Amino acid sequence: MRAYVIHAPGGPDALQLETTPDPAPKEGWVLIDVRAFGLNRSEWFTRRGDSPSVRFPRVLGIECTGEVLDAGGTDLVPGTRVAALMGGMGREFDGSYAEKTLVPRDSVFALPNDLPWSHFAALPEMLQTTHGSLHKGLEARAGETLLIRGGTSSVGLATLALAKDADMTVISTTRSLEKEDMLRAAGADDVIVDTGEIAGEIRRRAPGGVDRVLELIGATTLLDSLRCTRRGGVVCMTGILGGSWTLDQFHPMGDIPTAVKLTSYAGDAGDITADLLSSYIQKVQSGSLSIPRGPVFRFDELREAHTLMDDNKANGKIVVTLETP
């Protein structure tokens with residue numbers, strides 16, 4: 001089969017398209033014929049050498065959609081349309097940047113749907129991360145006000161859709177005034193141009209502070225996000241779009257406002273059921289849930305897709321397809 005193998009950290013050119021042996025079926029693992037997969041920021045970090053637990057050579061890719069080739073003795077049936085998410089994919093074992101991949105059953109979801117592969121592939125991991133952030137990290141509730149820091153990212157746009165579906169008021173941020181109309185069209189109740197320090201502007205619009213903040217930019221804006229939040233409110237750090245994992249000179253007693261809660265969400269396939277994930281996808285298929293999508297690339301254009309991710313210009317989930325887009 002064809003697979004992109006990374007032997008050492010680097011830029012998009014570090015992804016080498018090679019012919020490799022097909023994964024050998026084994027008990028409890030599902031062999032998947034990969035049809036399309038989404039790109040993720042964690043793969044970008046790994047490619048650059050910023051994931052110290054990952055050992056090279058490695059086939060990256062923490063998610064995919066496709067059909068079951070061999071069920072490994074599990075309850076799945078060959079030919080079933082599935083999505084595979086996380087569980088060590090592309091990190092502890094070879095992932096989805098390949099024509100076939102072998103994944104533990106616990107990370108595979110049977111998700112019947114009629115969406116094109118390029119559309120389907122944009123959804124499962126993004127919906128899982130969004131659902132987990134909202135309901136595990138933030139414990140968000142209807143009627144609350146949510147600030148999405150990094151609103152034009154793929155997870156930011158998905159969170160906007162799910163939060164509005166859950167009857168929340170949403171403020172989204174963007175670094176570009178030109179993207180305000182796009183965010184409002186996607187459902188944002190208010191939009192703020194993010195200068196890196198927006199707590200003063202948030203307090204002007206919501207004097208008591210917002211109820212919940214989804215922090216997708218990361219450590220570079222985290223302290224400011226804490227200052228945006230009311231007493232009893234929650235900030236959940238899910239993304240690291242700003243490129244920094246850590247905070248220098250972090251002083252919890254001074255940097256975390258009184259009674260504001262700080263959590264994180266790193267994603268886990270066990271945080272959502274197949275039925276719930278399927279219900280979200282069926283809403284997308286019916287048109288009752290609209291999530292903007294990013295560009296679609298062919299498999300032989302994976303390096304170009306990573307270059308776009310480097311440039312932060314996707315404005316939605318980047319998908320790579322082994323089918324005709």
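Accessible area, as I use it here, comes from the Shrake-Rupley method with a 1.4 Å probe. Keep that in mind for the surface. One caution too: this is a predicted model.

Let's start with the whole chain. The protein chain exposes about 13,600 Å². Carbon and sulfur atoms supply 49% of that area. Now look inward. Of the 325 residues, 54% count as buried.

Next, the overall build. The chain has 10 helices and 15 strands. Its radius of gyration is 20 Å, close to the 20 Å that the globule rule gives for 325 residues, so the chain is as compact as a globular protein of that length. Along the principal axes, the C-alpha atoms fill a box of roughly 60 × 40 × 35 Å. What about contacts along the sequence? Take those between residues at least 6 apart in sequence: 70% of them join residues at least 24 apart.

On to the domains. The domain assignment gives domain 1 (2–122 + 293–321) and domain 2 (126–264). Notice that domain 1 comes in two segments of sequence. The centres of the two domains, taken over C-alpha atoms, are 28 Å apart.

How do the domains meet? Here, 10 residues of domain 1 are in contact with 11 residues of domain 2. Together the two domains bury about 940 Å² between them, with 57% of it on carbon and sulfur atoms.

Now the interior. In soluble globular proteins, nonpolar side chains tend to be buried together. In this model, the largest nonpolar core has 52 residues. F37, L39 and Y97 touch the most other members. This core draws at least three residues from each of domain 1 and domain 2.

Let's zoom in on F37. Leaving aside neighbours within four places in sequence, F37 is in contact with residues including E63, C64, Y97, F299 and L322.

Is H306 buried or exposed? Its relative accessibility is 0%, so H306 counts as buried. Not counting residues up to four places away in sequence, H306 touches P12, L15, L39, E43, W44, R47 and Y97.

Definitions and conventions
Residues numbered from 1 in each chain as written. Predicted model: local features only at pLDDT ≥ 70, side-chain atom pairs only at ≥ 80, totals over all residues. Heavy atoms only, no water. Core = buried A, V, L, I, M, F, W, Y, C linked by side-chain atoms within 4.5 Å. Buried < 20%, exposed > 50% of the residue type's maximum accessible area, 1.4 Å probe, protein only. Domains from an automatic or database assignment. Contact = heavy atoms within 4.5 Å. Helix = DSSP H or I, 4+ residues; strand = E, 2+ residues; numbered from the N terminus. Rg over C-alpha atoms; globule rule 2.2 N^0.38 Å. Buried area = accessible area lost by both parts, 1.4 Å probe.
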